[in-house]
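Reader: Got the model open. Can you walk me through it?

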Amino acid sequence: MKKRTFIISLIIPLLVGAISAFITNNQMETYSNLNTPLLAPPGWLFPIVWTLLYILMGISSYFIYISHDPKRENALIVYSFQLFINFCWPLFFFNLNNYFLSLMILIALILTVIYMLIIFKKINPKSFYLNIPYILWLFFALYLNFMIFINNIMKFLVIELDCLLDWLCVMPA
């Protein structure tokens, strides 16, 4: 039973990541066309890093799940909620190209993960430590998202202004 639970714990975050990657498929071209900051990694690195992070998340959730702590259910709810936010972020960043809203979503994700880490540490310190690379990566992603927003805001404003002018020009008199 524990082996099956462990495998399910690994599959859940990997599946969330895979579905998100499938939905944002072909959108990494968008990333390569952005004005990225100096420390931006190449696009091919992201799937590797995220796969490792999802595996660590799955292992940490397994330790929480098999614990007998009364706060286990609450911890797994927070874990599931952060997975949902994690799933949403690339949709706003890549598919909708909304770098400001994706930045706000990322801040919400970071706050949720910090809360999750606090709960996890009380239940099983291993689960806390397994998620340290995740929270560090999220802070790096925050830097990237913020700088991409700043570096591309003029391009975004020009596109929005152009759309507004198109809309105004086709309005009936």
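Reader: How far apart are the end C-alpha atoms of α1?

Author: They are 32 Å apart. Helix α1 covers residues 2-23, so 22 residues at 1.5 Å a residue should span 32 Å, and the two values agree.

Reader: Over to S61. Which helix is that in, and is it buried or exposed?

Author: S61 is in helix α3, residues 45-66. It counts as buried because its relative accessibility is 4%, against a cut-off of under 20%.

Reader: And what does S61 touch?

Author: S9, L76 and Y79, leaving out residues up to four places away in sequence.

Reader: Before I go on, how is the confidence?

Author: This is a predicted model. Mean pLDDT for the protein chain is 90, and 88% of its residues reach 70 or more.

Reader: Which element has the lowest mean pLDDT?

Author: Helix α2, residues 28-32, with 75. The highest is helix α6, residues 125-130, with 98.

Reader: Surface next. Which residues form the nonpolar patch?

Author: F100, L101, M104, I107, L111, I114, I118 and F139. Together they have about 670 Å² of accessible area.

Reader: Where does the largest share come from?

Author: Helix α5, residues 99-123, which gives seven residues.

Reader: Why would residues three or four places apart in a helix point the same way?

Author: An α-helix has 3.6 residues a turn, so such residues point the same way.

Reader: And F139, where does that sit?

Author: In helix α7, residues 132-170. F139 is partly exposed, because its relative accessibility is 41%.

Reader: Back to α5. Is L117 buried or exposed?

Author: Buried, because its relative accessibility is 6%. L117 does lie in helix α5.

Reader: What is L117 in contact with?

Author: F128, N131 and I135, setting aside neighbours within four places in sequence. L117 and I135 are 18 residues apart in sequence, with their C-alpha atoms 9.0 Å apart.

Reader: Last one. What is phi of N97?

Author: Near 55°, a positive value in a residue other than glycine. Most residues other than glycine have a negative phi.

Reader: Where is N97?

Author: In the loop between α4 and α5. N97 is partly exposed, with a relative accessible area of 29%.

Key. Residues are numbered from 1 along each chain as its sequence is written. This is a predicted model: local features need pLDDT of at least 70, side-chain atom pairs count only at pLDDT 80 or more; totals for chains, interfaces and linings use all residues. Side-chain values use heavy atoms; hydrogens and water are left out. Helices (H or I, at least four residues) and strands (E, at least two) are DSSP runs, numbered from the N terminus. Buried means under 20% relative accessible area, exposed over 50%, partly exposed in between (1.4 Å probe, protein chains only). Contact means heavy atoms within 4.5 Å. The expected span of a helix is 1.5 Å times one less than its number of residues. pLDDT is the predictor's confidence in each residue, from 0 to 100. Patches are made of residues with over 30% relative accessible area and no salt bridge: like charges are joined within 9 Å, nonpolar side chains (Val, Leu, Ile, Met, Phe, Trp, Tyr) within 5 Å. Accessible areas come from the Shrake-Rupley method with a 1.4 Å probe; for residues, only the protein chains shown count as cover. A salt bridge is a side-chain nitrogen of Lys or Arg within 4 Å of a carboxyl oxygen of Asp or Glu.
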